[in-house]
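Please inspect the sequence and the structure before working through the solutions.

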Amino acid sequence: MTVRYMVFAARNVKKLFRKVAVLSVLFLWSCRSGETHTGEDRHAADTVYVLPWEQLEVYMNAAPSPVQVATWLRQERVPFYKDMLHDPTLAGRYSGLQGAANLGIYLTDMAYAHATNHYQEAYEYLSAVNRLATLYGLGDIFSLERIKSLDKLQDNPDSMQKLLTQYYSEVQTRLSETGQQPMLRHMILGGWTESLHIILALLEKNASNQPLAEMILLQKGLTPLLIKLYSADTSLSPVSHQIVTQLEDMQEELNALPIGEGSPVPSTQVNKGVIQMKFQQKTSLTPEQIKRLKERLTSLRHFIMKV
Amino acid sequence: MKPLGYYLVLAGIVWAQSTCRQIVPICREKYMEDFSWDGRYWKAELYNGETTEIYYTFFRGLRYRLIPCGRSTTQAFPHLRIYNANRALVLDTRQQGDRSYWDLELSNTQLLIIELYYPTGEGCAALLIGHRSGETPEGWSAR
């Protein structure tokens with residue numbers, strides 16, 4: 001059972017509901033207190049307690065969507081490396097929260113393959129996505145008809161990217177509106193982890209790529225938000241506890257990175273409603289820094305992917 | 001039998017939620033144009049000078065459309081204060097006048113914090129963000 005906090009007109013009503021929600025958490029937690037968590041149910045659905053979604057949604061939307069990352073990677077003209085991606089044939093072995101996290105991973109791999117014009121591989125990931133999507137009532141979003149419509153757009157990457165954006169939007173809306181927010185949270189984590197994994201793998205091959213390095217440095221600000229996203233229920237969910245620990249390890253490594261040179265405040269121009277921000281910061285990472293970050297991230301990625 | 005107040009409060013909640021939800025598709029339809037919308041939006045009921053915060057990653061090379069949506073009880077436009085990740089204020093759109101949307105381009109990929117607020121009055125406000133491939137503005141290096 002999940003209770004989603006909504007926007008209410010009257011503030012006192014909101015407070016009243018909060019009290020009810022807190023009492024529900026305590027009641028449900030007391031019901032769960034006798035349960036034990038075995039290795040097998042580590043990734044079982046943890047939807048039996050209440051999370052303060054109104055607060056968590058702020059952090060949930062901070063990480064870029066897989067489609068947005070892929071659009072940017074296309075702009076950066078990065079190459080495609082299949083060997084660094086997840087195995088799409090494993091999709092049938094995931095379910096519950098782990099399935100949702102892997103859905104995020106496969107969506108990211110699919111978007112990356114599309115963005116680099118590797119349509120055969122993208123199709124393989126789309127099949128993996130379709131298989132997992134059916135578990136959460138999302139099967140129609142990645143139906144055969146829709147896959148065919150994507151196929152027709154192979155020579156029109158902009159339209160294809162727009163369609164993928166629409167599909168991702170539908171997934172988010174459906175998960176939110178069907179009370180599957182814990183699944184959405186895991187899907188976002190999976191997408192974030194895989195995006196970062198791809199960027200670090202690309203940096204391993206070309207450490208001097210400044211835009212990719214910039215993206216890594218950005219995680220200094222993003223990782224604390226993901227930690228907050230999962231800190232809300234560490235006492236209730238061993239999975240969340242494990243994820244927070246892994247993210248904190250990642251944060252420690254990120255904190256050790258130097259801040260880019262130059263002012264972090266941009267010069268800003270506004271002309272006819274167009275805001276242009278010019279940052280002067282220069283960023284670079286050494287191969288050793290990339291290796292250490294990748295080791296930390298791999299630990300989290302393996303935790304999500306482990307079958 | 002529940003008291004009348006219960007039904008009045010319930011009706012108020014339903015009304016506020018539907019009003020707040022209704023503005024999102026209207027703004028999307030009117031102002032998103034050829035920008036891709038990834039389905040995410042932020043909405044809040046803002047009272048007594050309250051603000052709501054949005055964390056968002058903006059990529060270099062893309063053009064973004066920020067659509068602050070809604071009107072306060074005094075018919076004021078919602079405005080945006082844009083901060084960098086270190087919370088240094090970069091821009092307050094109120095200084096630039098009222099607009100239905102703002103386009104944004106950055107020379108570097110950045111996590112920005114956007115504060116949505118009404119200069120006067122109160123009510124529901126929402127923010128939609130769309131993106132599309134952009135062109136590197138003049139004077140910005142194409143690395």
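**Exercise 1.** Determine which handedness the crossing of H8(A) and H10(A) has, and at what angle their axes cross.

*Solution.* Step 1: the crossing of H8(A) and H10(A) is left-handed, a term for a near helix turned anticlockwise from the far one by less than a right angle. Step 2: in this predicted model, the axes of H8 (residues 181-205) and H10 (residues 238-255) of chain A approach within 13 Å and cross at roughly 30 degrees. Step 3: H8(A) is therefore roughly parallel to H10(A) (angles under 35 degrees).

**Exercise 2.** Identify which residues of H8(A) meet residues of H10(A).

*Solution.* Step 1: H8(A) contributes Arg185(A), His186(A), Leu189(A), Trp192(A) and Leu196(A). Step 2: H10(A) contributes Val239(A), Ser240(A), Ile243(A), Leu247(A) and Met250(A); contact means heavy atoms within 4.5 Å. Step 3: by class, this contact has 7 nonpolar, 2 polar and 1 charged residues.

**Exercise 3.** Describe the make-up of chain A: how many helices and strands does it have, and what share of its residues is buried?

*Solution.* Step 1: chain A has 11 helices (at least four residues) and 2 strands (at least two). Step 2: their order along the sequence is α-α-α-α-α-α-α-α-α-α-β-β-α. Step 3: 54% of the 307 residues of chain A count as buried (under 20% relative accessible area, 1.4 Å probe).

**Conventions.** Residues are numbered from 1 along each chain as its sequence is written, and chains are lettered from A in the order in which they are written. Local features need pLDDT of at least 70 and side-chain atom pairs pLDDT 80 or more, while totals for chains use all residues; side-chain values use heavy atoms, without hydrogens and water.

Key
Axes fitted to C-alpha atoms, helices over the stretch in contact; angles between N-to-C directions. Parallel < 35°, antiparallel > 145°, perpendicular 65-115°, else oblique. Nonpolar A, V, L, I, M, F, W, Y, C, P; charged D, E, K, R; others polar. Buried < 20%, exposed > 50% of the residue type's maximum accessible area, 1.4 Å probe, protein only.
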